[in-house]
Amino acid sequence: MSLSSAHLSTPEGLGSVFEAPHLPAGFTDTFTSRYVDTGELRLHAVTGGEGPPLLLLAGWPQTWYAWRLLMPALARDFQVVAVDARGVGLSDKPLSGYDTGTLARDMVALMDALGHRRFAAVGHDVGMWTGYALAADHPDRIERLAVAEAAIPGLSPTPPLFGSREANDRLWHFAFNRLGDVNEQLVRGREHLYFGHQFATKSAKALPDHAVQHYVDILAADPEALRCSFEFYRALDTTIEQNQRRRTRPLSLPVLAIGGAENLGASVGATMRLAADHVESLVLPECGHYPAEEASEAMLAALTGFLAPYRDRPTA
C-alpha cells in the first residue's frame with residue numbers, strides 16, 4: 001500500500017466518481033468509489049448494480065471512467081466492478097508488478113475481497129491483455145470473456161520494424177513506452193501533447209474534450225502516475241514469455257472479440273482465435289480504438305447479447 005493512499009478511507013478527489021466530469025444522469029445514485037484492500041495493495045474500484053458480477057478492465061492510458069457510458073445499463077443486470085489497475089488512477093502505484101500474470105492475480109484478489117468467486121470480464125486494450133491472462137491463468141474463475149481493440153504481445157504476430165506507415169502510426173508508442181526513463185522526461189509537462197495525440201489519432205469519432213482532459217489531468221497530477229503508465233510496456237518481456245506459455249493451453253470459455261472498423265477491425269478476432277476455441281468476432285462500423293466511448297450503444301448491445309447466458313444462468 002502506498003503512503004500517499006494509506007490515510008484515506010474513502011476515495012476522493014481527481015479520479016473518483018465524485019469529481020468525474022459529465023457522468024450519465026443518475027450515475028452516482030447507482031455507483032460509488034471504493035478502496036479494496038487485496039492484501040498486497042489497495043485498488044480503486046467503482047461498483048454498483050444487481051446481478052452476477054462483471055469486471056470491467058480499461059485500457060491505456062485510461063481509467064475506470066472509460067466505461068461510464070455503459071455502466072448504468074449494465075448495472076441493471078450485473079454487479080459492475082470497474083477497476084483502476086495497479087498504477088492507474090487512485091489505485092496504489094508500486095514500482096513493479098505490471099506483467100499480466102501479476103495484473104491478473106490482482107484482479108482475482110480484488111474479486112475475492114468483494115466476495116465474487118466466479119465472474120465475467122470485459123477488457124479493452126491493456127485490459128484485454130489482462131483479461132486474456134485472467135482466463136488463461138485462472139480458468140476456474142472466469143465464466144465469459146469479452147475483449148476489444150488490442151493485439152496481444154507474444155500471441156499476435158510481431159509486426160516488422162519497417163512496416164507500413166499506417167502500422168507505424170498505430171504502433172510506434174510501443175517502443176517509446178518501453179524506454180527506461182527518457183520517455184518520462186520527454187512527456188512530463190507535455191502530457192496533453194503526447195496522450196492527446198494518442199486519443200486523436202486512434203479514434204474515428206473524437207472523444208469529448210472533457211474526457212481527454214480528465215485522463216490527461218490524472219496522468220499529469222502525479223509523477224508516479226506517468227511512470228506507471230509506461231510500466232505496462234516496460235514489463236512486456238515478462239508478459240511475452242507468459243503469453244508464449246499460455247498459448248499452448250487454448251481457452252475453452254466463450255470469448256467475444258470486438259474491433260473498431262477504423263482501427264484493428266477483424267484482427268482482434270484473429271488474435272483471440274490463436275488463443276481460444278470458441279470465439280465470436282464483431283467489427284463495429286465507424287469506430288476506432290475506443291468502442292466504449294465512440295460506439296457505446298453498439299458496444300452495449302454486443303455485450304448484452306454475449307453476456308445473456310451468464311446473466312440468466314441459475315444461481316446457487
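On a 1 Å grid over the protein atoms alone, a cavity is a set of points where a 1.4 Å probe fits but cannot get out, while a pocket is an open set with protein on both sides within 12 Å along at least five of seven lines, and lining residues are those with an atom within 4 Å of a point. The structure described here is a predicted model, in which local features need pLDDT of at least 70 and side-chain atom pairs count only at pLDDT 80 or more, whereas totals for chains, interfaces and linings use all residues. Residues are numbered from 1 along each chain as its sequence is written, and side-chain values use heavy atoms, with hydrogens and water left out.

The structure holds two cavities of 30 Å³ or more, a volume being the space filled by probe spheres set on grid points that are joined across faces, edges and corners. The classes in the table count Ala, Val, Leu, Ile, Met, Phe, Trp, Tyr, Cys and Pro as nonpolar, Asp, Glu, Lys and Arg as charged, and the others, Gly among them, as polar.

| Space | Volume | Lining by class |
|---|---|---|
| Largest pocket | about 1,000 Å³ | 23 nonpolar, twelve polar, six charged residues |
| Largest cavity | about 270 Å³ | 15 nonpolar, eight polar, one charged residues |
| Second largest cavity | about 60 Å³ | six nonpolar, three polar, one charged residues |

The second largest cavity is lined by Ala 58, Gly 59, Gln 62, Ala 66, Trp 67, His 124, Tyr 290, Pro 291, Ala 292 and Glu 293. Its largest share, three residues, is supplied by helix α13 (residues 291-294), where helices (H or I, at least four residues) and strands (E, at least two) are DSSP runs numbered from the N terminus.

Around the largest cavity there are 24 lining residues, and those nearest its centre are Gly 59, Gln 62, Ala 85, Val 88 and Phe 232. At least two residues of this lining come from each of β4 (79-84), α4 (100-113), α5, α9 and α10 (223-234).

The largest pocket has 41 lining residues, with Ala 151, Thr 158, Pro 159, Leu 171 and Phe 174 nearest its centre. Two or more residues of the lining are given by each of α5 (126-137), α6 (165-177), α11 (236-246) and α12 (267-273), and the largest share, eight residues, belongs to α6.

**Helix contacts**

Helix α6 also meets α10: their axes, which are lines fitted to C-alpha atoms over the stretch in contact, with angles running from 0 to 180 degrees between N-to-C directions, come within 8 Å and cross at roughly 100 degrees. The two helices α6 and α10 are therefore roughly perpendicular to each other, on a scale where angles under 35 degrees count as roughly parallel, over 145 as roughly antiparallel, 65 to 115 as roughly perpendicular and the rest as oblique. Contact, meaning heavy atoms within 4.5 Å, is made by His 173, Phe 174, Phe 176 and Asn 177 of α6 and by Phe 230, Tyr 233 and Arg 234 of α10.

A second pair consists of α8 (residues 191-202) and α9 (residues 209-220), whose axes come within 10 Å and cross at roughly 140 degrees, and α8 and α9 are therefore oblique to each other. Residues in this contact include Phe 195 and Phe 199 of α8 and Tyr 215 and Leu 219 of α9.

**Backbone details**

Pro 61 is placed in the loop between β3 (53-57) and α3 (71-74), and the peptide bond that leads from Trp 60 to Pro 61 is cis, with omega near -5 degrees. In the loop between α1 (3-6) and α2 (27-30) lies His 22, which has a positive phi of about 55 degrees although it is not a glycine.
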